[in-house]
Amino acid sequence: MFYDAHERKDRWCRVLKKKIVFGMVLLLLSIEAQAQALKLADVLEAAFAKSPDLQASALQVNMRRAEGAQVDGALDMRYGASVGLSNEAAPTVSPFAATETNAAFVAGQVVKPFADGSTLTGTLKYNRAELIYPSTLNPAFQSNPNPLYQHQIDLIYRYPLAAGSGNPNYTLQKEASTADEKAAKLRTALLKEQIAAQAIGLYAQFVLNDLSVKLAKDATLRATQLLNDQKKRESFGLVEKEDRYQTEALLAARRLQLAQAVAAKQAAQTGLNRMMYQGADTVLSVHFASPNIQLQSVASLLERAEQNRPVFKVLDAQYQAAESRLSLAQSGSDYQLDVVGQIGTRALDGGGGAAFAQGFNPIDDRYIGVSLEFSDVFGKSANKAAIQKSLLALESIQIERRKASLDLETEIATLVDALRSNKLTLQASKAQVNAEKKKYRAQVARYKKGRAPTSVMIQFEGDLRAAELRYVIQQVNLGVNNYQLALAIGELDALMQQQGAAQ
């Protein structure tokens, strides 16, 4: 065949561009072949280990735990002390009255609350009081002894008979705090589910693009072989150059599709790398094993989901906390009725040491008393509002649980239908691929014998490529649906463990 110089130059440029593009594709593919096969479990492990959202969620758990420790502090023993000096001068109408009083005191107190609502209080007070009289007053008319020392020790036990009995402020807040901490832990599991759902989508996209690259390579190879055969036949004058043009156009289209598939895979690889918080250019390859879940009725799958999914466990924990707060609010409507027992000493002496020593003698200087204290609030508007708020919180959680159950039932039903449909479609798609391969091979044999036109060869090759692409799409969709159903019923971890054991 003869071409003018301009045509040869254009042809050479086109061939050079094709070789450059094809060489880049082969380079990327050779680099990819060296990458370690990546499973979905590997993606999730990396994402969970480095997710800042999960780290923040762990901090929330620690915060709830700290709040629980703060509630425990309600039973801590409290103590205090005070010391003071005073001088009091006051006018008087009696010539026998003191004009000034100098006083000093030291006092201390220890309070120990108990889990049953009772409290034990110990107090100590040591006073010194000195009266100052006018200098004109005869000492016989001044108080004696002066200064006067007083030492007082008391133990007071208070036990609530109505409000405060059982220490609801402690016990119920402790129950609510424990439930809050449990809910915080479960929210971490809930966040992991969200990350897993995102990871499944990115992983499936990368798998699909990876398979698309392999199909594009096969299609490019078929087109290359066809063009080589075409050139040989053309050299013997068996076909016209217009037939070669058709094959060259086919090869150019297949090379473009291969370059596009590689670019799409590169974009999916970047997304998957960032999902695992590693370098965007890290080369990945996948080991995709489509799982298989034994399908059951939607009601049975929903029952399994409600037992496994953290969203329901979170709501259960929130409901427990709300119940504890309701009981706490209801306890506030009780009237206050406390029985108080007190025992102590009352020492009074003119000598500081003697008064202090007598304070520890409960036989001669003692005080014993029992009292009953009552108090209540008219209207109790604040308490009624607190009860109403707690009841509304419980109702809100119940509604949220019903909504979660309905939404999950819809999701499971949709996934079950998709799985059944995809299984049937996958079988039909596989059968079509086998049929298209037979058809194409037969057509190749006819073409080599000169019994089939080039246009039909190109059409059959396109039919085969389309059938193979539909098949891999169905394969990936089926695998994704299985992973999504496992995630929906809360058994994704178990499914991947089964896969790992099988491999």
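In which loop is Asn167 found? Asn167 sits in the loop between β5 and α4; helices (H or I, at least four residues) and strands (E, at least two) are DSSP runs, numbered from the N terminus. Asn167 has a positive phi of about 55 degrees although it is not a glycine. Most residues other than glycine have a negative phi, and most peptide bonds are trans. Asn167 is buried, with a relative accessible area of 14%. Buried means under 20% relative accessible area, exposed over 50%, and partly exposed in between (1.4 Å probe, protein chains only).

This is a predicted model, in which local features need pLDDT of at least 70, side-chain atom pairs count only at pLDDT 80 or more, and totals for chains, interfaces and linings use all residues. Residues are numbered from 1 along each chain as its sequence is written, and side-chain values use heavy atoms, with hydrogens and water left out.

Confidence comes next. pLDDT is the predictor's confidence in each residue, from 0 to 100. The chain averages 85, and 92% of the residues score at least 70. Over residues 1-9 the pLDDT is below 50; this stretch has seven contacts in the model beyond near neighbours in sequence. Contact means heavy atoms within 4.5 Å. Residues 27-34 also have a pLDDT below 50, with nine contacts beyond near neighbours in sequence.

Now the sheet. Six strands form an open sheet in the order β2-β3-β4-β5-β7-β8, with antiparallel pairing. Two strands pair if DSSP finds at least two bridges between them. β2 (78-89) and β8 (367-375) stand at the edges with a single partner strand each, so one side of each has no neighbour in the sheet. β2 lies largely in the open, because the number buried among its 12 residues is one.

Follow the pairs across. β2 joins β3 (residues 100-113) through 12 antiparallel bridges, and Gly80 has Gln109 as its bridge partner in β3. Between β3 and β4 (residues 119-132) there are 14 bridges, again antiparallel; Ala103 is partnered by Ala129 in β4. The hairpin of β3 and β4 has five residues between the strands, and there Gly117 takes a positive phi near 100 degrees. β4 and β5 pair over 11 antiparallel bridges, with Thr123 opposite Asp154 in β5. In the loop between β4 and β5 lies Pro147. A cis peptide bond joins Asn146 and Pro147, with omega about 10 degrees. β5 (residues 148-160) and β7 (residues 336-349) run antiparallel, joined by 12 bridges. Arg158 stands opposite Val340 in β7.

The helices follow. α9 (residues 381-448) has 68 residues and should span 100 Å at 1.5 Å a residue; its end C-alpha atoms are 97 Å apart, which agrees. The expected span is 1.5 Å times one less than the number of residues. After α9 comes Gly450, whose phi is positive, near 75 degrees.

What holds the largest nonpolar core? A nonpolar core is a set of buried Ala, Val, Leu, Ile, Met, Phe, Trp, Tyr and Cys residues joined through side-chain atoms within 4.5 Å. The largest has 59 residues; Val43, Leu272, Ile412, Leu485 and Leu492 have the most contacts inside it. Helices that each supply at least two of its residues include α2 (40-50), α4 (168-235), α9 and α11 (492-502). Leaving aside neighbours within four places in sequence, Leu492 is in contact with residues including Leu44, Ala196 and Tyr483.
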